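I opened this notebook to record what I looked up in one protein model. The entries follow the order in which I consulted the structure.

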Amino acid sequence: DTEGLLRIKEENQKHYRRAQRHQEKKEKIQRHNRKLGDLVEKKTYDLKTQYEHLANLRRTHILELTSVIFPIEEVKTSLRDPADVSSESDNAMTSSTVSKLAEARRTTYLSGRWVCDDHNGDTSISITGPWIILPNNGDYSAYYNWVEEKKTTQGPDMEHNNPAHTISAALCYATQLVNTLSLILDVNLPKKLCNRQVKTHQGNHEFCGENLSRHRFTRAVKKLNANILHLCFSQHVNLDLLHPLHTLRNLMYLVSPDTESLGR
């Protein structure tokens, strides 16, 4: 029994010395983890600072780009509200007629369905200049109507103020701006749209260089609108301001100085 007791005491001492070594290793690992934690915290702070600096640089470049090269502005039209006209008349129209006219003025028949648009008829959105505008309600039917008329009409087109020309130019500039913004913001676009006047395996630029059919034109517009919305979502633009058909208005909200997360 005495010999067995001695053996147990020796084993207990070995276990005790091993426990001490393990405790020292544990404390060493804890000190190492604390150092790593402090380092990670410092690196995280530095990374956040760099992200903020990068966001400010992106924001500055975008505001320069959209103020010097691609200014986007709201262009007021001279149309008057039916209620204003009726107030100056001899009260020939009833209030129900005025309200129906106002409602009709906010409604557009677009691609086989009626679309409600509070801005319809009030404004247009211009890009690169007040003469290159897009209808605010997203109705670009003037373009493919003009293309269909060109197929049946011989001779050169002498209408320099043709709305189809301004629609094509505005969409072309919008595509170029969106592709440039995706590079600055480092955001991959879901749809591929070419903005260069070159021949590729997919053809020319979607909006310039040739008269597009209605199917190709509407398909390209949908791709452009999808890219714009994707950029708006990535920059946390207020969703209440966006409309899937408002091409330039969505872009205007995206690059607005009021967009707090622009550059993130």
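**Entry 1: the cover of helix 7**

I began with helix 7 and listed its buried residues: T247, L248, R249, N250, L251, M252 and L254. The model I am reading is a predicted one. Helix 7 spans residues 247–254, and seven of its eight residues are buried, so I noted the helix as mostly covered, with buried meaning under 20% relative accessible area.

I then asked which elements the buried residues of helix 7 pack against. They pack against strand 1 (72–76), strand 4 (123–127), strand 5 (133–135), helix 5 and helix 6.

**Entry 2: helix 5 against helix 7**

I looked up the geometry of this pair next. The axes of helix 5 and helix 7 come within 11 Å and cross at roughly 35 degrees. The crossing is left-handed. On the helix 5 side, the contact is made by L171, A174, L177, V178 and L181; on the helix 7 side, by T247, L248, L251 and L254.

An α-helix has 3.6 residues a turn, so residues three or four places apart point the same way.

**Entry 3: helix 5 against helix 6**

From helix 5, the residues I167, L171, A174, T175, V178, L181, S182 and L185 take part; they meet F217, V221, L224, N227, I228 and L231 of helix 6. The contact of helix 5 with helix 6 divides into 11 nonpolar residues, three polar and no charged.

**Entry 4: L242**

I turned to the loop between helix 6 and helix 7, where L242 lies. Is L242 buried or exposed? Its relative accessible area is 15%, so L242 is buried. Not counting residues up to four places away in sequence, L242 touches L229, C232, F233, V237 and N250. I also took the separation of the C-alpha atoms of L242 and L254, which are 12 residues apart along the chain, and found 9.5 Å.

**Entry 5: cysteines**

I checked the model for disulfides and the count came to zero. I looked up two cysteines for their cover. C172 has 15% relative accessibility and therefore counts as buried. C232 has 0% relative accessibility and therefore also counts as buried.

**Entry 6: backbone angles**

T128 has a positive phi of about 65 degrees, and T128 lies in the loop between strand 4 and strand 5. D186 has a positive phi of about 60 degrees and is found in the loop between helix 5 and helix 6. The relative accessibility of D186 is 60%, so D186 counts as exposed.

**Entry 7: the whole chain**

The protein has seven helices and five strands, and from the N terminus on the elements run α-β-α-α-β-β-β-β-α-α-α-α. Of the 264 residues, 34% are buried. Among contacts with a separation of 6 or more, 63% come from residues 24 or more positions apart. The accessible surface comes to about 17,600 Å², of which 53% belongs to carbon and sulfur atoms.

How values were computed:
Residues numbered from 1 in each chain as written. Predicted model: local features only at pLDDT ≥ 70, side-chain atom pairs only at ≥ 80, totals over all residues. Heavy atoms only, no water. Contact = heavy atoms within 4.5 Å. Helix = DSSP H or I, 4+ residues; strand = E, 2+ residues; numbered from the N terminus. Nonpolar A, V, L, I, M, F, W, Y, C, P; charged D, E, K, R; others polar. Buried < 20%, exposed > 50% of the residue type's maximum accessible area, 1.4 Å probe, protein only. Areas by Shrake-Rupley, 256 points an atom, 1.4 Å probe, with all protein chains shown as cover. Disulfide = S-S within 2.5 Å. Axes fitted to C-alpha atoms, helices over the stretch in contact; angles between N-to-C directions. Left-handed = near helix turned anticlockwise from the far one by under 90°.
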